[in-house]
Each structure stands twice: as C-alpha cells, then as structure tokens.
Amino acid sequence: MRIQKYISETGFCSRRHTNRLIIEGRVTVNGVVSDKNTMIAEHDEVLIDGRPIPRKEQSVYLALHKPVGITCTAAKEVEGNIIDFVNYPTRIFPVGRLDKASEGLILMTNDGDIFNKILQSEHGHEKEYVVTVDKVITEQFVLEMESGVEILNTITKPCKVEKISDNVFKIILTQGLNRQIRRMCKALGYRVERLQRIRIMNIHLGNLEAGAWRELSQQELNELLKETET
C-alpha cells in the first residue's frame, strides 16, 4: 500500500496533508525518511515526527456553515484557519475548499477514505451554489455559463444555471477548479459580490447559521457513502 493511502486510512490526516508531511521529511518507515513513492508492508513501522500514528478514532462527519473570512486549511500557522475555528475535540480536516471570501457548506471529517472519494471530480459529484453578481444576469450569460467558459487554460464542464433574480443565480457544478465560479463570471464580464455553497451531493446547508456546525444524520451519511461508491 502506498504511504499516502496508508496514513489517510488511519484517519490521522488526508492524502494531501500526508504529502506535505512527506515533503517536510516528517514521515519515516522503519527509521528511513519516506518519499511519496514509499510502499508500506504489514509489519512496517511508520512514524510521524518520531511518534507512532495514533489509533483511529471514531469516525466524525460534520456539516459546517463556513463564514466569510475563514480559510479552509489545516495549517495551524494560518490565522483564521478552519481547524482552530471549529475547535473540535478530535483531529478533523475539511473536505475540499471554499475560498476565504465565500461562505456556506463544507464537510469536516477524520475519514481520509471518504475525503478522497468526494474530491475525485471524475465521479461527477454535484455541488450547488447561490451567487450574487454586480449587474443584471442575461440569457446569454446563463447560456455561456451552462455551456462552458474558458478559464485556467481549459473549458469548464457543462453545468446547470438557474436565474433567481436580476443579479442572483443558482449553479450546480460537477468539478472544482480553483475559484471556478468567480473566474467564470469574471471571464464573462461579471464580478461576484456574494457566493454561498448550499449543497454538497445529498448534504444541504439548510437553516444552519453561519459559524455553526452539526453532525450528519445516519440517513445523510448512508446516502453519502452510497454515492461515493457509485
């Protein structure tokens, strides 16, 4: 098993965070500093910062309404990081990102396996947003957003867009390019004034207040796990 998968399955941290630990030289296998291609056998001793990886705790699945100004990073040195903000009693990490200027739903977990499955955009998992822009939304804008916009040297995948009012629309994406909605709008001559994520797959933000979090219900979790397996 590759080192990234091994550590993520312990629930200690995500594969992305594991890569950072490896780059920093903080992971050893049988006393040898690991690299990203290290493979783990059954009886290998894997240490982080010279200490054994803690035994996996009970899985945690939270829905958080991230407010504007909080950064979706596990890096403790970043002021306003999401880990300090939630201040959960056990180690958890955010599933994906929601930029600092945006608000809304983000999932928090210690389950590295589901973390990776949700982030794999090729599965086409839906994420829904409500977006306010700085001028009147036209039919042409909706059509171009839905058809695909050229950003970051690629064309965005087709998506669903619904005009709500003169300058507010809903959008459902199945990919997650960096600041995708903001870049799409900018490419079409619009500026995003407010961006709120209201759904990730089957999990809805609902009436959860900004800054508040809740545990996923068993039904939500069962549906989420089912979707990540299909």
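Reply: Contact here means heavy atoms within 4.5 Å. This is a predicted model, in which local features need pLDDT of at least 70 and side-chain atom pairs count only at pLDDT 80 or more, while totals for chains, interfaces and linings use all residues. Residues are numbered from 1 along each chain as its sequence is written, and side-chain values use heavy atoms, with hydrogens and water left out.

Me: Which residues is Leu-152 in contact with, leaving aside its neighbours within four places in sequence?

Reply: Leu-152 is in contact with Leu-177, Asn-178 and Arg-183, once neighbours within four places in sequence are set aside. The C-alpha atoms of Leu-152 and Arg-183 are separated by 8.6 Å, although the two residues are 31 apart along the chain. Helices (H or I, at least four residues) and strands (E, at least two) are DSSP runs, numbered from the N terminus, and on that scheme Leu-152 lies in the loop between strand 9 (150-151) and strand 10 (154-155).

Me: Is Leu-152 buried, partly exposed or exposed?

Reply: A residue is buried under 20% relative accessible area, exposed over 50%, and partly exposed in between (1.4 Å probe, protein chains only). Leu-152 has 43% relative accessibility, so it counts as partly exposed. For the chain, buried residues make up 47% of the 230 residues.

Me: How should I read the chain as a whole, and how many helices and strands does it have?

Reply: The chain has seven helices and 15 strands. Its radius of gyration is 19 Å, close to the 17 Å that the globule rule gives for 230 residues, so the chain is as compact as a globular protein of that length; the radius is taken over C-alpha atoms, and the rule is 2.2 Å times the number of residues to the power 0.38. The C-alpha trace spans about 60 × 35 × 35 Å along its principal axes. Of the contacts with a separation of 6 or more, 63% are accounted for by residues 24 or more positions apart.

Me: What do the buried residues of helix 6 pack against?

Reply: In helix 6 (180-187), Gln-180, Ile-181, Arg-182, Met-184 and Cys-185 are buried. The buried residues of this helix pack against strand 8, helix 5 (139-147), strand 9, strand 12 (168-173) and strand 13. Helix 6 is followed by Gly-189, whose phi is positive, near 90°.

Me: What classes of residue make up the lining of the largest pocket?

Reply: Ala, Val, Leu, Ile, Met, Phe, Trp, Tyr, Cys and Pro count as nonpolar, Asp, Glu, Lys and Arg as charged, and the others, Gly among them, as polar. The lining of the largest pocket has nine nonpolar, eleven polar and eight charged residues. The second largest pocket, of about 420 Å³, has eleven nonpolar, two polar and eight charged residues in its lining.

Me: How many cavities of 30 Å³ or more are there?

Reply: The count comes to two cavities of 30 Å³ or more. The largest cavity has a volume of about 160 Å³, and its lining includes His-17, Phe-93, Arg-97 and Phe-115. Helix 2 gives the most to that lining, with three residues. About 50 Å³ of space lies in the second largest cavity, where the lining has nine nonpolar, one polar and no charged residues, and the largest share, three residues, comes from strand 7.

Note on methods:
1 Å grid on protein atoms, 1.4 Å probe; cavity = no way out; pocket = protein on both sides within 12 Å on 5 of 7 lines; lining within 4 Å. Points joined across faces, edges and corners; volume = space filled by probe spheres on them.
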